[in-house]
Amino acid sequence: MSGGTVFAVERGSAYSHSDRERIQKRTVVVLIASQAAGGFGLVATYIVSALLAKDITGSSTLATIAASCLSIGAAAVAVPMSRLMNRQGRRVGLRFGYLVGAAGSTLAVFGAILLSYPLLCLGVFGAGAGSAANLATRYAASDLAPEHRRASTISMIVWATTFGSTAGSVVSGAASDIGRTLGLPDKTGSYVFAAVMFLVAAAIVELFLRPDPLEVANDLSESRNGSRSRSNADVSTPTARDALALIWQKPQARLAVLAMIVSQVTMVGVMALTPLHMDAGGQSQNAIGFMMGFHILGMYLFSPIIGQLTDRIGNYPMLYIAGGLCTWGAWWAAVTPPTGAVGVFMGNFLIGLGWCFGVIAASSLLVTLYPIHQRVAVQGVGDFAMIGSGALAGLTSGALYATFEYRGVNYANALFGVALVVATFLTFTGVRRATRRPEHAAAMGG
């Protein structure tokens, strides 16, 4: 037999319709559990990074950079993790992200012990891989979801973050106390808890995410095509450049990525500066903490309802709402004086809600546009763009606040929301016109 011979085998899928439903239900439960554990580790890391960096360096600017390393690390891992998933499945990719997150959290502990700012930043950077894995779980849940329930399925995974985020926020202080009893520096215990929870998330996906949803989806896709004609040489994993080209070819995909970027930039841009704004007005740390909790509720609590609405009325109306909420929330926060409470509370709540609308609708739209062998690479590039833009917003927030003040920065954030509304309108009308012309329908992705 020649080494280059490839056999084409007509075959049916190894999985029936009932198998798919059973595996999907199990997959969602497993991913909710891993998401909750990973969210716990993520929030515990985020809360103390800036504080610990400021303790080491005495610089608020360096503290902001250290906290931003979490997002930078997540962005850096998003694309290679998606390539790993494309080659070896969701389980391997998610396990990789969570294990790197655990290693990063452990490295941050040593950075705190040695009072090494660079080592601390490197550890937080590694912990960002756990954040990238948490984001990727929403796509893993959608691999086997019925088309009419994709947004609802994604929203359930987003909703699970509520539990981990809340628990991480509550336990962070106690974790620091436990760390001190073990002889660790102040605040370091949160990194220990984060490392443990990332390991728990890795164990959950390794032990229970079987069969791998992406492998099952690939099998079902090949069965629908009527044959399997593959060898190791045939398996084409799109590169990041390929994925970027695929996104650029479809206006709907460009809109989906833009929606994720606007949602993330607006959320980070407003949330990062509001504590400074409130502090300048003499508001208490408790008030600032309640504001953050209100913001997190907006981001996650209503996601199941938003997912069901997206499946029912479509992605475009939800993106209009996302842009409107981002605009409204940023404007309301902008016009609120530092001593005000209602405006900053409601502004940050609406921004969080707009983020939820935008991410769920955009993720659902992106999933529908590509076949399974291209989907994962496109998702990785989309997450890179979203997380990277959020990291940039966080890194520049301090300088922008010093130059334009809270009001000026938030007026700019409000304009991002307006831009999303305009882009949604132009994309929707353009695609609708194109689909009316049969010769262009295929090129526009239907």
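Predicted model: local features only at pLDDT ≥ 70, side-chain atom pairs only at ≥ 80, totals over all residues.

Colleague: In which helix is the place of Asp 383?

Modeller: Asp 383 is placed in helix H14, which covers residues 372-435. Helices are DSSP runs of H or I with at least four residues, strands are runs of E with at least two, and both are numbered from the N terminus. The chain has 15 helices and zero strands. Residue numbers start from 1 along each chain as its sequence is written.

Colleague: Why does Asp 383 count as buried?

Modeller: Buried means under 20% relative accessible area, exposed means over 50%, and partly exposed lies in between, with a 1.4 Å probe and protein chains only. Asp 383 has 5% relative accessibility, so it counts as buried. Across the chain of 446 residues, 52% count as buried.

Colleague: Which residues does Asp 383 touch, not counting residues up to four places away in sequence?

Modeller: A contact requires heavy atoms within 4.5 Å. With that sequence limit, Asp 383 touches Ala 78, Leu 135, Ala 136, Arg 138, Tyr 139, Met 260 and Gly 388.

Colleague: What makes the meeting of Arg 138 and Asp 383 a salt bridge?

Modeller: The rule asks for a side-chain nitrogen of Lys or Arg within 4 Å of a carboxyl oxygen of Asp or Glu. The side chains of Arg 138 and Asp 383 meet at 2.8 Å, N to O. This pair links distant parts of the chain, with Arg 138 in helix H4 and Asp 383 in helix H14, 245 residues apart. Both residues are buried. By this rule, the count is eight salt bridges.

Colleague: Where do Glu 206 and Arg 95 lie, and why is the pair said to tie parts together?

Modeller: Their side chains form a salt bridge of 2.6 Å, N to O. Glu 206 is in helix H6 (residues 189-208) and Arg 95 is in helix H3 (residues 90-113), so the pair ties together parts 111 residues apart in sequence. Glu 206 is partly exposed at 22% relative accessibility, and Arg 95 is partly exposed at 27%. A network of salt bridges links Arg 91, Arg 95, Glu 206 and Arg 210.

Colleague: How far apart are the closest N and O atoms of Asp 19 and Arg 22?

Modeller: They are 3.3 Å apart, and the two residues form a salt bridge. Asp 19 and Arg 22 are three residues apart in helix H1 (residues 17-57), so about one helical turn separates them.

Colleague: How many residues has the largest nonpolar core, and which have the most contacts inside it?

Modeller: A nonpolar core is a set of buried Ala, Val, Leu, Ile, Met, Phe, Trp, Tyr and Cys residues joined through side-chain atoms within 4.5 Å. The largest has 118 residues, and those with the most contacts inside it are Leu 94, Tyr 98, Tyr 191, Trp 355, Leu 366 and Tyr 370. Helix H13 (residues 342-368) gives the most to this core, with 15 residues. Leaving aside neighbours within four places in sequence, Tyr 370 is in contact with Leu 246, Ile 247, Lys 250, Ala 253, Arg 375 and Val 378.

Colleague: What makes the pair of Phe 302 and Phe 349 edge-to-face?

Modeller: Rings of Phe, Tyr and Trp (its six-membered ring) pair if their centres lie within 6.5 Å; planes under 30 degrees apart are stacked, over 60 edge-to-face, and the rest tilted. The structure holds seven aromatic pairs. For Phe 302 and Phe 349 the centres are 6.3 Å apart and the planes stand at 90 degrees, which is edge-to-face. Phe 302 is in the loop between helix H10 (285-300) and helix H11 (303-313), Phe 349 is in helix H13, and they are 47 residues apart. Phe 302 is partly exposed at 31% relative accessible area, whereas Phe 349 counts as buried at 14%.

Colleague: What makes the pair of Trp 328 and Trp 332 stacked?

Modeller: Their centres are 5.9 Å apart, with 10 degrees between the planes, and the pair is stacked. Both lie in helix H12 (residues 315-334), four residues apart, about one turn of the helix.

Key:
Heavy atoms only, no water.
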